Amino acid sequence: MAAGKKKKNLITLLGMTAVLALLVVSYLAASSWKKNEEENGETEEPDIVLLSLPKEEIASIEVKSKEFPFTILAGESGWEFAGDAEFDVSAGTADAMKEKLAQFTAETAVLADAEDLAEYGLEEPEFTVTATLKDGSSRAVRLGDPAGAGAGYYACTDGSRDVYVVSEEVRGAFAGGQDALLEKAAVPEFTAEKATGLKLSGDAFPPFTVAKNTGEQAELMGIYQYSLLLTGVYPVPVTVDFTAFSELMKKYVGMSLGELVSYHEQDKQQYGLDRPETALTVTYTDAESSEVREFTVHFGGMNETQTHRYVCLEGSGQTFMMEQEKAEELLAADTFALVDRYTQMVNITLIGGMNIAYGDTVRRVDITHNSETGETGQEVVTDYITVDGKSLNEDEDDEFRTLYQEIIALKLTRELTEEDVIGEEPVLVLEFLDKDGAGVLRSVRYLKLEGSGQELAVEVDGVCLFAADGAAVEELAGLLKDYRP
């Protein structure tokens with residue numbers, strides 16, 4: 001009897017298990033079917049339209065809230081902030097509000113003719129949004145409490161007690177406050193490779209200017225589009241290394257002005273920005289229009305804790321507070337890092353020859369560039385090189401060009417200081433002549449530094465600013481002495 005009962009219980013258990021398995025399979029199949037329907041848009045319920053207004057007829061939007069009540073007006077030239085002409089309304093934020101009001105939708109209906117709107121935060125709502133049309137008529141909606149974590153917010157139209165739930169996105173269009181509504185001044189977008197100039201003025205940091213060479217100095221590589229000059233730091237303009245300049249400009253790309261303090265022009269005085277002494281100007285080529293543009297950031301006083309500095313963008317009434325550490329990073333540029341280290345990088349196609357002197361020896365190189373029209377109609381230039389009166393054949397021409405690469409490869413190592421004592425006798429003199437062979441395009445003399453056996457002063461066109469590695473110069477002098485075509 002007991003065995004039979006156990007067998008019967010086992011049969012019952014197996015039957016229940018089979019039924020449970022069938023239910024699970026049915027549930028999964030139904031879920032899959034429902035999911036497919038939703039993906040195909042077959043069962044998705046449409047949003048409930050609470051307001052439908054002609055978008056272009058909306059003349060003003062009023063948002064009543066405890067934190068930041070405001071009214072914006074749709075003017076002919078854009079959105080305006082009622083009662084404050086200096087408030088620059090964000091067109092994107094205002095347009096998003098208008099879009100939501102033109103077709104104000106709810107996701108679900110909660111309750112029709114609710115007895116107590118306070119239960120939903122709609123008796124004294126956090127936000128009441130009113131759209132007024134050009135004909136003077138208006139419609140309003142109320143936005144109340146959260147309907148649950150991630151479930152949206154309760155809402156109703158003004159004058160109705162029907163409660164709905166709107167999405168967080170709908171409420172968010174009106175809940176950003178001043179921070180979202182104000183169009184903040186911002187540094188224009190550009191890339192470091194498109195930067196063409198940098199200028200710092202003021203007394204707190206050494207002023208300087210990096211700008212395109214427009215003929216102030218001979219461009220000895222023949223590539224004016226990349227030719228930049230550094231002025232204001234040394235007695236004469238100095239050629240800038242374009243790669244080093246692009247690297248420096250990376251810290252100015254996407255430069256943040258910091259936290260907004262005020263958007264009123266008259267407030268600049270209290271922040272030291274009514275007559276700022278320090279200004280940073282960036283010049284760049286706009287990627288879309290290819291136009292050369294610039295912007296200037298002015299730096300004013302410090303805050304009470306001396307941790308931030310007040311700044312503003314030229315042309316804007318807004319004042320921001322930038323971290324002092326960031327401000328110093330932008331203002332304290334390493335100008336020597338920008339200097340082109342190859343001070344005698346002269347394109348051989350631009351010269352008519354060289355005078356080379358070491359010790360008591362003076363040598364002469366003459367280069368003639370003959371231009372002819374080739375079979376395809378293109379200009380063909382043939383160079384004829386003569387060294388110490390001897391015309392070079394093809395192999396000797398290649399040998400000289402290899403030596404010329406060594407000549408122009410000498411590099412600067414550092415800036416000279418007031419403690420450096422420069423000797424008068426040159427170790428090596430290089431004069432690069434113009435195509436006529438008479439005028440000097442670039443003169444470079446390497447002079448001894450008293451007390452230093454490892455470095456030489458570099459005099460370029462009569463001005464000593466930098467030092468070079470003495471061993472590298474001596475090595476080149478040795479190559480020149482041994483060179484006999």
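Me: Is Ser227 buried or exposed?
Reply: In this predicted model, Ser227 is buried, because its relative accessible area is 5% and the cut-off for buried is under 20%.

Me: Where does Ser227 lie?
Reply: Ser227 belongs to the loop between β12 (208–212) and β13.

Me: And what is Ser227 in contact with, leaving aside neighbours within four places in sequence?
Reply: On that basis, Ser227 has contacts with Ala211, Lys212, Asn213 and Glu219.

Me: How do the residues of the pocket lining divide into nonpolar, polar and charged?
Reply: The lining of the largest pocket has 22 nonpolar, 6 polar and 5 charged residues.

Me: How many cavities of 30 Å³ or more does a search of the whole structure find?
Reply: The search finds 1 cavity of 30 Å³ or more. The volume of the largest cavity is about 60 Å³.

Me: Which residues line the largest cavity?
Reply: Its lining consists of Ile356, Arg363, Val365, Val387, Asp388, Phe400, Leu403, Leu480 and Tyr483. At least two lining residues come from each of β21 (361–373) and α7. By class, the cavity lining has 7 nonpolar, no polar and 2 charged residues.

Me: On to the core, then. Which residues have the most contacts inside the largest nonpolar core?
Reply: They are Leu198, Tyr252 and Tyr446, in a core of 73 residues. Helix α7 (residues 394–408) contributes the largest share of this core, 5 residues. Apart from it lies another core, of 34 residues, which includes Ala94, Ala131, Tyr164 and Leu181.

Me: What is Leu198 in contact with, beyond four places in sequence?
Reply: The contacts of Leu198 are Phe208, Thr209, Val210, Phe245, Leu248, Met249, Tyr252, Leu280, Thr281 and Val282. Among them, Tyr252 is also one of the residues with the most contacts inside the largest core.

Me: Finally, the whole chain. How many helices and strands are there?
Reply: The protein chain contains 8 helices and 28 strands. Of its 485 residues, 40% count as buried. The accessible surface is about 27400 Å², and carbon and sulfur atoms account for 49% of that surface.

Me: What share of the contacts with a separation of 6 or more joins residues 24 or more positions apart?
Reply: Residues at that separation account for 57% of those contacts in the protein chain.

How values were computed. Residues numbered from 1 in each chain as written. Predicted model: local features only at pLDDT ≥ 70, side-chain atom pairs only at ≥ 80, totals over all residues. Heavy atoms only, no water. Helix = DSSP H or I, 4+ residues; strand = E, 2+ residues; numbered from the N terminus. Buried < 20%, exposed > 50% of the residue type's maximum accessible area, 1.4 Å probe, protein only. Contact = heavy atoms within 4.5 Å. Areas by Shrake-Rupley, 256 points an atom, 1.4 Å probe, with all protein chains shown as cover. Core = buried A, V, L, I, M, F, W, Y, C linked by side-chain atoms within 4.5 Å. Nonpolar A, V, L, I, M, F, W, Y, C, P; charged D, E, K, R; others polar. 1 Å grid on protein atoms, 1.4 Å probe; cavity = no way out; pocket = protein on both sides within 12 Å on 5 of 7 lines; lining within 4 Å. Points joined across faces, edges and corners; volume = space filled by probe spheres on them.
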